[in-house]
Amino acid sequence: MRFSEAWLREWVDPPVNTPTLVEQLTMAGLEVDALVPVAPPFSGVVVGAVMSVTAHPDAAKLHLCQVDAGTGEQLQIVCGAPNVVAGMRVPVALIGARLPGDLRIKRAKLRGVESRGMICSAAELGLAETSDGILGLPADAQIGRDLRDWLALDDQAIEVDLTPDRGDCLSVAGIAREVGVLNQLPVSGPDLSPVAPVNNDRQPVELLAGAACPRYLCRIVRGVDATAPTPLWMRERLRRSGVRPLSAVVDVTNYVLLELGQPLHAFDLDRLAGSIQVRMAVAGEQLTLLNGDTPTLREDTLIIADTARPLAMAGIMGGADSAVSADTRDILLESAFFNPTAISGRARGYGLHTDSSHRFERGVDPNLQARALERATRLLLEICGGAPGPVVSALAAEQLPALRRLHLRRARIAAVLGLDLDGDQVSSILTRLGLTLTATAAGWEATVPSHRFDLQREVDLIAELGRVHGYDQIPITHASSAAVPRANPEMAFDLERARLALVARGYHEAITYSFVSPEFQALIDPAASALALANPLSADLGMMRTSLWPGLIQAARHNLARQQTRVRLFESGLRFRQQPDGLAQEPMLAGIVVGPVLPEQWGTDARPADFFDLKADLEAVVRQAGGGRALSLVRPTTDTVTAVGHPALHPGQSAGIECDGVRLGWIGSLHPALTARLELPPGVQLFELATAGLSDGARPAFMPLSRFPSVRRDLAIVVDARLSFAAVRASVEAAAGELLRELVLFDVYQGEHIEAGHRSMALGLILQDTSQTLTDDVVEQVRVRVVARLAADHGARLRA
């Protein structure tokens with residue numbers, strides 16, 4: 001919500017400066033996001049009157065203007081604006097004036113004719129982005145008066161970031177109410193008294209959806225001049241509130257929206273057929289909106305229609321076919337209350353978000369419609385003229401929100417706030433907030449005003465007391481109860497340590513959306529049951545992610561497209577999967593590696609990262625973070641790849657991540673088909689695992705260094721090519737026993753002299769005893785046991 005400070009002070013003018021006012025609003029929960037001047041700095045610009053206009057003797061598009069700028073003499077100014085005419089009031093930059101952009105006005109000659117100043121447009125003064133001509137001022141503008149002073153351009157625009165529950169503050173009136181409460185001042189608004197009708201023209205209204213629209217008001221105004229210019233004061237207030245002036249009728253409705261918080265709409269009466277119908281859309285109906293879109297309406301959409309066709313999407317946007325134009329003479333003004341549940345999410349469902357939907361979704365005062373209609377009528381008559389008819393009201397009284405009555409206990413106030421407020425303070429604060437109080441034995445019964453949708457429970461009233469009294473005025477108290485620290489198990493997996501370990505290994509942390517496109521979801525994780533969003537932010541964010549990979553892949557593509565050839569990213573977050581008992585939210589850790597293992601350097605040749613580089617990173621991180629004592633990688637079997645492999649990964653360069661026999665995730669190279677489709681370089685490596693399933697790591701324990709030398713024996717064995725080194729290591733460790741200090745795999749070979757489907761593994765066994773030097777006999781016994789165990793477990797044989 002953006003508004004002019006000067007406009008606010010017409011409603012309520014507290015004796016505080018702008019910074020204090022901003023602090024008051026922020027401390028009251030209406031956080032001020034920005035405070036900006038309504039106009040850039042300029043000086044030396046005054047109000048002038050164009051006395052005469054003649055043609056330039058040497059330029060067809062230039063004019064010679066005699067201007068009275070209050071200096072005691074008429075100034076000759078050369079002007080090229082097509083709209084300059086004698087008699088109009090204009091901004092005049094005198095000699096020596098400084099305009100936005102550090103433009104200084106000097107005495108000059110244009111096509112041989114002296115010009116003693118400059119007649120300015122709104123764009124040249126920084127009051128508009130573009131201008132078609134000079135800025136015309138009202139006829140009563142005082143000649144010679146400084147323009148900044150006359151237009152109050154030393155004003156500030158205050159932008160407030162409101163929480164969704166404070167829809168009552170989406171207007172100058174709402175902000176003024178808050179400022180009045182905080183400063184204990186009365187609030188004075190504009191004249192909202194009824195406008196007497198001058199004819200009896202009535203528009204029939206059929207209220208066919210009373211639950212969605214309990215109150216609908218409208219009024220016919222005939223004989224308006226739709227081409228009448230919007231007065232400068234209104235254009236300025238709209239501009240300072242971030243709204244672009246369009247035409248007088250539309251500007252009036254926008255002005256009342258900003259002033260009172262009630263969205264209004266104006267129809268061209270001559271384009272309506274029959275009665276107004278407030279109803280739900282029929283599936284398949286179409287409506288061309290003011291923005292040019294023609295959506296096909298859904299059955300859950302509330303619309304305003306006549307007997308022939310839809311006219312507007314209720315509470316969201318009007319239709320182009322019934323819009324007011326320059327030829328409009330008779331209009332129908334609409335002011336309605338739409339139930340927030342009938343509007344919420346509908347605009348987003350059509351890819352829209354408007355000032356109207358923003359307010360109706362949060363709740364508009366159900367008793368505001370008549371006052372807003374009268375205010376708009378009065379402004380319309382002042383600007384465009386016309387003859388108003390009576391207000392037509394269609395009402396479903398039983399569907400209107402009932403006034404809420406809440407019980408407030410004195411004891412509960414002290415328990416929640418830690419603050420003792422006496423009864424007079426409580427009554428004063430709540431009464432200023434518009435509540436009606438009745439004393440009870442335990443406290444008060446409070447009747448909530450219709451504009452406060454957010455006050456639903458007793459605790460909401462207590463929060464209001466704390467907010468208005470001032471959070472900074474609540475005394476600091478320290479807890480008297482003993483705190484019981486609960487430390488995490490020492491060897492449990494620590495995500496924070498894992499993140500730091502990944503950063504230390506050259507990764508950057510990424511935070512991506514939890515939403516993905518259905519197409520990308522189908523590419524990466526087609527088998528998972530994903531949750532589709534009813535009202536997505538966009539079509540590309542229509543599903544909850546079932547894996548962190550889509551976001552990381554998109555982030556990698558984004559970086560690669562910007563000449564980042566080495567990308568290493570990780571993310572920790574939730575994935576969302578549909579389960580029979582509801583939506584499962586699992587904490588995951590995932591990473592992606594693209595490009596060379598090391599940054600570009602002179603000391604070694606560039607080598608692209610592969611499966612084993614990523615495997616080393618994953619094992620190191622899990623080991624350092626304290627989890628994964630029983631972590632293992634399980635390759636998909638070649639005969640059932642589609643059953644146990646991951647469809648996004650290369651079947652021959654991927655493995656499942658397991659802990660204590662439970663599948664936690666996957667690691668491997670992105671499938672070549674996906675690599676080509678996503679236009680990624682070859683060799684993209686990915687991992688993802690569920691951190692909740694990691695077991696506790698092994699507790700570090702001291703082991704004394706042996707005083708006796710170690711012995712190494714090398715073996716070269718031939719095994720099935722599908723056999724993993726983890727299985728070989730388990731057999732060796734079981735056979736060698738406590739004498740085995742380290743097992744090294746230093747060579748793997750497939751090729752000549754090795755039969756098809758097999759490979760050679762070269763193992764280094766490092767043996768050592770803590771009590772004696774190992775003899776050759778003992779070492780040989782260990783070697784024999786290892787060879788026998790490998791043969792028994794895996795059919796291994798020594799390589800000739």
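Leaving aside its neighbours within four places in sequence, which residues is Tyr 216 in contact with? Select Tyr 216 to find out. Contact means heavy atoms within 4.5 Å. Its partners include Val 205, Leu 207, Phe 267, Ile 276, Val 278, Ile 304, Glu 334 and Ala 394.

This is a predicted model: local features need pLDDT of at least 70, side-chain atom pairs count only at pLDDT 80 or more, and totals for chains, interfaces and linings use all residues. Residues are numbered from 1 along each chain as its sequence is written, and side-chain values use heavy atoms, without hydrogens and water.

**The cores.** A nonpolar core is a set of buried (under 20% relative accessible area, 1.4 Å probe, protein chains only) Ala, Val, Leu, Ile, Met, Phe, Trp, Tyr and Cys residues joined through side-chain atoms within 4.5 Å. Select Phe 3, Tyr 216, Ile 276, Ile 304, Phe 338 and Leu 380. Of the 85 residues in the largest core, these touch the most other members. Another core, of 26 residues, lies apart from it and includes Leu 523 and Ile 592.

**The sheet.** Strands are DSSP runs of E, at least two residues, numbered from the N terminus. Five of them, in the order β12-β15-β16-β17-β18, form an open sheet with mixed pairing. Select β12 (205-207) and β18 (317-318). Each edge strand has a single partner, so one side of each lacks a neighbour in the sheet. Ala 312 has Gly 318 as its bridge partner in β18.

**The helix.** Finish at α17 (residues 611-624). Buried here are Phe 611, Leu 614 and Val 621, among others. Asp 610 caps the N-terminal end: a side-chain oxygen lies 3.1 Å from the backbone nitrogen of Phe 612.

Key: Helix = DSSP H or I, 4+ residues; strand = E, 2+ residues; numbered from the N terminus. Expected span 1.5 Å × (residues − 1). Buried < 20%, exposed > 50% of the residue type's maximum accessible area, 1.4 Å probe, protein only. Polar contact = N/O pair within 3.5 Å; in protein donor to acceptor, adjacent residues only side chain to side chain. Pairing = 2+ DSSP bridges.
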